[in-house]
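Please look through the sequence and the structure below before reading on. The briefing that follows takes up a sheet and then a pair of packed helices.

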Amino acid sequence: MELTILRGAQALGSLSMRPLPFPALPRRALWLGAAALLLATTGCRRHQSRTTAHEPVQGGTLIYATDREPICLDPHVQGDMPQVFLAEQYLDSLVAMDRSGHILPWLATAWTVSDDGRTYTFHLRHDVTFTDGTPLTAEAVRANLDHMADPHTQSSTAGGYIKQYAGTDIIDTYTAAVHLRTPYAAFLEVLAQGFLGIESPRALARPRDENCQNPVGSGPFRIIRWDHQSQIVLARNPAYHWGPPTALHTGPARLDGIEWRIIPEASVRFAALQAGEVDVIDSLPPEAETPAQRNPDLWLLMADRPGNPTNGTLNIKRVPFDDIRVREAFIRSADIDGALASVFFHHYRRAGGPLSPTTPFYSPAFEHHADYDPDRARALLDQAGWTGRTAEGIRTRDGRPLVVHIPLKASLSAAERTLWEQVQATARATGFDVRLENGDDTTILEREGHWDYDVRIGYWNTNTADVLRIVFSSAFLGAAGVGGHHQNEAGFSDPAFDRIVNDALLTTDPDKRRALYLQAQTIAAQNFLQITTYPQSTRLALSRAVHDVRLEPSLNVTSLYDSWVTR
Amino acid sequence: MTHLLHRAVPRFLGRLLGGLLVLLAAASLTFASLHLTPGDPVTAILGGASANPTPEAIAAARHEYGLDRPIMVQYALYIARIARGDLGQSFSQHMPVIAVLRAQAPPTLALMASSLAVAWLLALLSVVPTARRGVAAAIASTLETIGAGLPQFWLGILLLWGLAFEWRLLPPAGNHGLPALVLPTLSLAIPLAGFIAQVMRESFDLALDQPFILTARARGLGDGAVRLRHALRHALLPCVSLSTWAVGALVGNAVAIEIIFSRQGLGRELFLSVATHDMPLVSGIVLFIALTYILAGVAADTLYVLIDPRLKGTRP
């Protein structure tokens with residue numbers, strides 16, 4: 001789902017990486033610097049392995065530094081990326097997903113789907129207990145699904161993904177029959193996401209805001225303490241022997257514990273890693289990627305996330321993007337490859353189609369369907385009647401200039417902002433007057449609710465091609481109905497497209513789903529609804545003393561279950 | 001004694017009433033400003049326009065936080081709640097506001113206290129040995145002016161880049177231990193020291209011109225003793241007033257510094273809560289800052305009397 005909480009002073013962060021002029025400091029600052037030298041004696045951890053161990057080592061604490069703090073540790077509530085990163089360490093899921101998109105057993109050893117596709121019967125492991133001592137039973141499955149679907153939970157992600165949920169019947173202690181209102185072939189896929197992780201029903205029975213502070217799972221670690229704005233402390237769950245099938249080992253985690261630090265400033269986070277203050281950082285900033293590669297003490301772990309890639313979605317409900325020719329012209333006038341190369345130092349690839357390459361049923365056929373082509377863009381604008389020119393070279397039609405309004409949220413990263421400045425520059429060469437309009441997040445959200453934009457910047461991380469239904473089908477034009485919320489940001493409405501994405505939910509046959517999602521991708525691409533830029537990605541930089549950090553395949557979030565440190 | 005008490009009680013009541021009015025005004029202004037700026041807290045709570053909340057979830061959140069009521073009713077309930085001493089539940093943190101304050105106020109207060117102390121130390125070191133001493137005074141005075149002109153956030157980035165990134169002398173981030181407090185403290189203290197020192201130098205120079213200084217010297221007192229025991233006392237009073245203002249300014253500047261150094265604290269919390277239109281949390285932090293400011297005023301009054309016993313007659 002969308003990034004909503006602020007990333008701190010990103011602009012300051014990029015500034016601090018540049019070599020600033022270093023004027024003569026006041027004399028007293030210098031002697032204070034000397035005093036500081038005396039203070040900074042201890043605390044530095046070394047990256048290099050002390051031993052040359054090739055066998056996993058038991059014990060030790062790993063310090064992980066991340067950019068954003070979860071607002072609630074229970075991923076059912078709201079449901080933003082920082083929550084699922086933490087959930088991966090202390091929650092297990094009913095099913096797991098592997099790299100090729102296959103669904104594998106985890107807490108559920110087996111399952112059956114009824115012929116009408118509306119009842120999923122899960123057979124659970126008998127030997128799982130939550131870290132508060134509660135056993136995993138069918139009752140726990142019911143409590144969790146009910147909790148996600150309960151409006152009071154304030155679930156935007158998990159609750160949204162199981163809108164079809166009707167209720168759960170308890171067949172016996174370890175068998176649960178989950179009923180859906182309509183067939184939903186993506187159900188198992190979303191269940192594999194950490195957002196829908198299974199929590200202790202006894203802990204869930206507490207008030208929501210209490211459960212937010214210290215939720216309880218059955219995972220390899222349990223939450224010990226949360227020092228708000230500073231760190232979350234986790235300790236090993238010694239009883240753990242039900243790890244996911246995608247893990248590298250079985251049995252309890254190798255680490256004694258994790259300190260999950262919150263360091264919002266990207267350059268500060270990277271400096272903390274270089275200084276050995278922390279062992280692993282995520283959201284490695286683009287400008288630090290080359291230095292990190294060259295640093296012999298560090299290694300990198302990266303993967304693209306599935307879903308709808310980072311994009312600017314064109315609002316087709318008003319001029320000028322109500323005209324498909326102008327949409328194609330705009331997309332073709334934006335030199336995304338050039339912008340990516342300069343903003344992300346050649347580290348990010350283009351995502352050209354409506355799905356990220358790691359999404360199940362992704363087709364590579366659309367990667368180049370709307371590449372940079374300013375000549376074609378000019379011809380399309382001529383055809384669409386935008387033939388006039390202002391003194392500044394902006395195209396006009398009936399005296400009206402060709403203006404594109406793009407609201408930018410304050411929380412947008414500095415890199416993303418620069419990317420859109422480059423789009424602004426290249427589109428201007430074709431005759432578009434692109435206006436980047438800054439505002440705080442809530443103001444921009446309000447504008448988006450009222451369809452007051454021409455381009456809306458966003459992305460959608462999920463492990464299923466069903467994301468196409470959420471971002472382009474007419475059911476999501478005003479789905480939530482209050483405050484103008486809509487997930488179909490383009491305003492696209494096509495009965496043929498709706499039928500295809502809904503049919504894809506009726507069958508669990510992979511070949512049929514693949515064929516339907518190919519059609520859906522074709523329609524989305526042909527209508528030029530988005531400038532897709534790059535896939536969302538998980539980018540870790542790690543100390544050489546850290547081994548076997550794994551990215552969990554469903555959303556490519558960090559898993560520290562297998563990890564060990566040599567120090 | 002009874003005479004003093006007679007005068008102290010109305011004065012105390014007046015201060016109390018004034019303090020309460022300041023708090024009421026702060027609470028009302030916070031309410032008004034958050035309601036006048038566009039944006040909807042529910043969109044922030046539920047993850048914005050590209051999250052996938054059900055209409056039922058949105059309606060439930062609106063009702064839970066009382067956002068479905070008329071605005072005047074919301075205001076009345078809000079003031080009544082604060083009057084009862086209940087700061088409410090933060091929308092965005094899923095915690096009682098009082099718990100957020102309890103966790104976040106200590107790091108900010110520690111930063112403020114250390115900044116104020118270091119600023120005073122720097123100011124004293126810069127003024128007392130150099131005042132009225134030709135070249136030394138000129139150099140120190142110039143450094144004070146430069147210091148007072150440095151923006152805190154810029155200084156913070158500079159210190160971070162130099163001492164943490166390049167020379168690796170100090171940790172770049174966090175709240176872990178005393179070393180982590182050094183850079184944020186210096187970022188706030190150096191500009192403040194510049195301000196305090198400028199004011200101190202002026203009063204110090206004036207004091208040195210007074211006849212009693214001449215008398216003291218005539219009694220054979222050494223220069224150091226004259227400066228420390230006689231001139232300094234006079235130079236302190238305006239600096240104490242300035243420090244009251246500085247307490248307020250430090251909270252404001254802590255926002256940027258806490259973000260730059262990834263420190264825990266009220267400043268960062270305030271920044272995040274304004275962005276999400278989290279009314280209970282914003283007002284809780286604003287009230288806390290207002291209260292700190294009021295208490296700083298009381299502390300300054302007490303300090304006046306301690307520094308200048310002559311004030312006892314006029315200001316009990």
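How many bridges join strand β13 (residues 307–314) of chain A to β19(A)? In this predicted model, six bridges join the two strands, which run antiparallel.

**The sheet in chain A**

- Three strands of chain A form an open sheet in the order β19-β13-β20, and the pairing is antiparallel.
- The edge strands are β19 and β20 (530–532) of chain A, each of which pairs on one side only, and the twist from one strand to the next averages 30°.
- Between β13(A) and β19(A), A:Thr313 stands opposite A:Arg456.
- On the β20(A) side, three bridges hold the antiparallel pairing with β13(A), and A:Gly312 stands opposite A:Ile531.

**Two helices in chain B**

- Helix α5 (residues 97–127) and helix α10 (residues 223–260) of chain B pack at an angle of about 140°, with their axes 9 Å apart, and α5(B) and α10(B) are therefore oblique to each other.
- The crossing in which α5(B) passes α10(B) is right-handed.
- Residues making the contact include B:Leu111, B:Met112 and B:Trp120 of α5(B) and B:Leu236, B:Val240 and B:Glu258 of α10(B).
- Sorted by class, this contact of α5(B) with α10(B) has 14 nonpolar, three polar and one charged residues.

Methods
Residues numbered from 1 in each chain as written. Chains lettered and ligands numbered in written order. Predicted model: local features only at pLDDT ≥ 70, side-chain atom pairs only at ≥ 80, totals over all residues. Heavy atoms only, no water. Axes fitted to C-alpha atoms, helices over the stretch in contact; angles between N-to-C directions. Helix = DSSP H or I, 4+ residues; strand = E, 2+ residues; numbered from the N terminus. Parallel < 35°, antiparallel > 145°, perpendicular 65-115°, else oblique. Left-handed = near helix turned anticlockwise from the far one by under 90°. Contact = heavy atoms within 4.5 Å. Nonpolar A, V, L, I, M, F, W, Y, C, P; charged D, E, K, R; others polar. Pairing = 2+ DSSP bridges.
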